[in-house]
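The following exercises are intended for a reader who is meeting this structure for the first time. Each task is followed by a solution in steps.

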Amino acid sequence: MIVGIDLGTTNSLVGVYQEGQIKLIPNAFGEYLTPSVVALDDNDEIIVGKIAKERLVTHPDKTLSQFKRFMGSKHELVLGDRTYKAEELSSFVIRKLVDDAETFFGEKVDEVIVSVPAYFNDAQRYATKLAGQFAGVKIERIINEPSAAALAKKSMSNQEDQSFVVVDFGGGTLDISVVELFDNVVEIVSIAGDNRLGGEDFTAAIAEEFLASNQLTKKSISREFYSKILVQAEKAKLNLNTNEEVQIIVMDQTRNIP
């Protein structure tokens, strides 16, 4: 069985093409999005996904996220008493998604197709393939995310030749691509964006505003307390979809800070 994986900075998901339809595969919580977070549990065993994300608050020193931004670099991240490169951490996410797919279908996943940003260079693409090897699966193909979006658009349209702009505003990156479709060929004409600008950065900006309004700084508080602020900042960001104003209240050991 071949599955497709969107290996995201903030969240990842896995799906399969069967009987002419795309089927997204739920994880153990019945959710399609799996947080791209890796943590150590109380026994120093690797855990991935929703439970790992919860430990961003309780055990920030033993939890890592947003490591996709370092794919293809020599940057190392510390988790517990070990250091990992981004492709090693990404392999844990891939393995989790593959396990979810195998559990859901009761079949072994033989190959994987992974979507990556169009701006990924050779080193980043190679690191993505390495992540697959570390996860014990073969990455059959790496496809550009705007190309995947263009193919999906073409499948829903009767037009043969099309030109359009694909905007991918992700959790960790902002990508904009000009794409042309002609004679069953997808050509990415131009790309731009910022791999350090995404939804997580908006969350951080809200958290910084909260700190400033309460005469606090990151240096003046613990990592655990800052993690709590980030959680509430993310909830506030989501609530701003439907509300013009939201209030953030974070509990610490001595007081409430609204």
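A nonpolar core is a set of buried Ala, Val, Leu, Ile, Met, Phe, Trp, Tyr and Cys residues joined through side-chain atoms within 4.5 Å. The model examined here is predicted.

**Exercise 1.** Identify the members of the largest nonpolar core that touch the most other members, and state which element gives the largest share.

*Solution.* Step 1: the largest nonpolar core has 35 residues, and those touching the most other members are Val3, Ile5, Phe67, Leu89, Ile94 and Val112. Step 2: among the elements that give two or more residues to this core are strand 1 (2-6), helix 2 (86-105) and strand 10 (111-116). Step 3: helix 2 supplies the largest share, seven residues. Step 4: apart from residues up to four places away in sequence, Ile5 touches residues including Leu13, Ile94, Leu97 and Val112. Step 5: there is also a second, separate core of twelve residues, with Ala207, Ile229, Ala233 and Ile248 among them.

**Exercise 2.** Determine which residues make the nonpolar surface patch, and find the place of Ile176.

*Solution.* Step 1: Val165, Val167, Phe169, Ile176, Val178, Val189, Leu197 and Phe202 make a nonpolar surface patch of about 670 Å². Step 2: strand 12 (162-169) and strand 13 (174-182) are the elements that give two or more residues to the patch. Step 3: the largest share, three residues, comes from strand 12. Step 4: Ile176 is found in strand 13. Its relative accessibility is 36%, so Ile176 counts as partly exposed.

**Exercise 3.** Classify the aromatic pair of Tyr84 and Phe92, and then that of Tyr119 and Phe120.

*Solution.* Step 1: a pair of aromatic rings is described by the distance of the centres and the angle of the planes. Step 2: the count comes to four aromatic pairs. Step 3: in one of them, Tyr84 and Phe92 are 5.9 Å apart centre to centre with 75° between the planes, and the pair is edge-to-face. Step 4: Tyr119 and Phe120 have ring centres 5.7 Å apart and planes at 70°, so this pair is edge-to-face. Step 5: Tyr84 is buried at 6% relative accessible area, whereas Phe92 is partly exposed at 24%. Tyr119 is partly exposed at 26%, and Phe120 is buried at 5%.

**Exercise 4.** Describe the surroundings of Lys218.

*Solution.* Step 1: Lys218 lies in the loop between helix 5 (199-213) and helix 6 (223-239). Step 2: a relative accessible area of 46% makes Lys218 partly exposed. Step 3: leaving aside neighbours within four places in sequence, Lys218 is in contact with Glu208, Leu211 and Tyr226.

Methods: Residues numbered from 1 in each chain as written. Predicted model: local features only at pLDDT ≥ 70, side-chain atom pairs only at ≥ 80, totals over all residues. Heavy atoms only, no water. Patch = residues over 30% accessible without salt bridge, like charges linked within 9 Å, V, L, I, M, F, W, Y side chains within 5 Å. Areas by Shrake-Rupley, 256 points an atom, 1.4 Å probe, with all protein chains shown as cover. Salt bridge = Lys/Arg side-chain N within 4 Å of Asp/Glu carboxyl O. Helix = DSSP H or I, 4+ residues; strand = E, 2+ residues; numbered from the N terminus. Buried < 20%, exposed > 50% of the residue type's maximum accessible area, 1.4 Å probe, protein only. Contact = heavy atoms within 4.5 Å. Phe/Tyr/Trp six-rings, centres within 6.5 Å; stacked < 30°, edge-to-face > 60°.
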